[in-house]
Amino acid sequence: MTHSIFDLLRSAIVQYGYWAVGGALLLENAGIPVPGETILLLASFLAYSEHDLRFSWILVVGTIAATLGDNLGFALGYHGERPLLARYQSIFKIQKSTLDRGERLFERYGSLTIFFARFVFGMRIIAGPMAGVLRMPWKRFLLVNFLGAALWVTVISSVGYFFGRHWEKLEQGMKRFDVAVAIIVLLLAAFLWWRNRRSRTRASGQ
């Protein structure tokens with residue numbers, strides 16, 4: 001199942017390129033739970049391994065799409081107010097604890113919540129709408145949203161690109177790791193066999 005999902009996402013990126021990256025990040029940051037982060041990681045990986053996409057353009061497209069998506073979420077939250085969050089919770093099965101945690105973060109850290117929300121599990125899809133519901137000043141939201149989007153896209157893309165760049169080394173390392181584990185397992189099995197045989201010998205001698 002996981003393999004088929006991976007193939008589906010990879011096919012979408014290969015076929016639609018930057019549009020797939022931009023569309024996924026736009027929807028996810030607007031408040032719709034699509035695998036935007038996974039697509040960003042995979043696109044960055046493919047940028048090095050297959051050269052169909054350019055890493056620099058992934059950063060540009062991803063930052064713009066994430067910024068626009070959060071602004072769209074902000075507008076929806078601003079006009080939809082509290083009933084919108086209730087519908088979010090119902091339609092997308094968002095736990096009430098996630099919403100409560102979001103409100104506590106906004107109360108404690110204010111606009112900085114937007115900057116770091118993308119790195120907090122469950123917060124990325126509700127940060128924009130919640131900022132609108134809580135009536136955060138739009139100009140302040142726009143600035144921290146853009147800075148947060150640039151940081152998040154850069155970090156996630158760099159991770160994907162790093163794995164693409166070092167995939168062969170990682171693969172070789174994993175093969176060596178597998179061999180090492182196999183040797184350890186065999187030695188452990190031999191030790192247990194020897195200990196059990198020794199225990200039986202002592203028992204029979206008594």
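Visitor: Which residues line the largest cavity?

Guide: This is a predicted model, and in it the largest cavity is lined by I13, V14, L46, A47, D52 and L53. The elements that contribute two or more residues to this lining are α1, which spans 2-16, and α3, which spans 36-49.

Visitor: How many cavities of 30 Å³ or more does the structure hold, and what is the volume of the largest cavity?

Guide: The structure holds 1 cavity of 30 Å³ or more, and the volume of the largest cavity is about 40 Å³. When its lining is sorted by residue type, 5 residues are nonpolar, none is polar and 1 is charged.

Visitor: Let me step back to the whole chain: how many helices and how many strands does the protein chain have?

Guide: The protein chain has 9 helices and 0 strands, and reading along the sequence gives the pattern α-α-α-α-α-α-α-α-α. Of the 206 residues in the protein chain, buried residues make up 35%.

Visitor: How far apart in space are residues that are separated along the chain, for example A66 and G148?

Guide: Here one compares two separations, the one counted along the sequence and the one between C-alpha atoms in space. A66 and G148 are 82 residues apart in sequence, while their C-alpha atoms are 9.2 Å apart in space. For F74 and F141, which are 67 residues apart along the chain, the C-alpha atoms are separated by 8.7 Å. V144 and T113 are 31 residues apart along the chain, with 8.9 Å between their C-alpha atoms.

Visitor: What about charged side chains: which residue forms a salt bridge with R118?

Guide: In general, side chains of opposite charge can pair when their charged atoms come close. In this structure the count comes to 1 salt bridge. R118 forms a salt bridge with D70, and their closest N and O atoms are 3.0 Å apart. The pair links distant parts of the chain, with R118 in the loop between α6 and α7 and D70 in helix α4, 48 residues apart. Both partners, R118 and D70, are buried.

Visitor: Which residues form the nonpolar patch on the surface?

Guide: The patch is formed by L41, Y109, L112, F116, F119, L151, V155, V159, F162 and F163, and together they have about 840 Å² of accessible area. The elements that give two or more residues to the nonpolar patch are α6, residues 112-117, and α8, residues 138-165. The largest share, 5 residues, comes from α8.

Visitor: Finally, what is the phi of R135?

Guide: The general idea is that most residues other than glycine have a negative phi. R135 has a positive phi of about 60° although it is not a glycine. R135 is found in the loop between α7 and α8, and its relative accessible area of 36% is why it is described as partly exposed.

Note on methods:
Residues numbered from 1 in each chain as written. Predicted model: local features only at pLDDT ≥ 70, side-chain atom pairs only at ≥ 80, totals over all residues. Heavy atoms only, no water. Patch = residues over 30% accessible without salt bridge, like charges linked within 9 Å, V, L, I, M, F, W, Y side chains within 5 Å. Areas by Shrake-Rupley, 256 points an atom, 1.4 Å probe, with all protein chains shown as cover. Salt bridge = Lys/Arg side-chain N within 4 Å of Asp/Glu carboxyl O. Helix = DSSP H or I, 4+ residues; strand = E, 2+ residues; numbered from the N terminus. 1 Å grid on protein atoms, 1.4 Å probe; cavity = no way out; pocket = protein on both sides within 12 Å on 5 of 7 lines; lining within 4 Å. Points joined across faces, edges and corners; volume = space filled by probe spheres on them. Nonpolar A, V, L, I, M, F, W, Y, C, P; charged D, E, K, R; others polar. Buried < 20%, exposed > 50% of the residue type's maximum accessible area, 1.4 Å probe, protein only.
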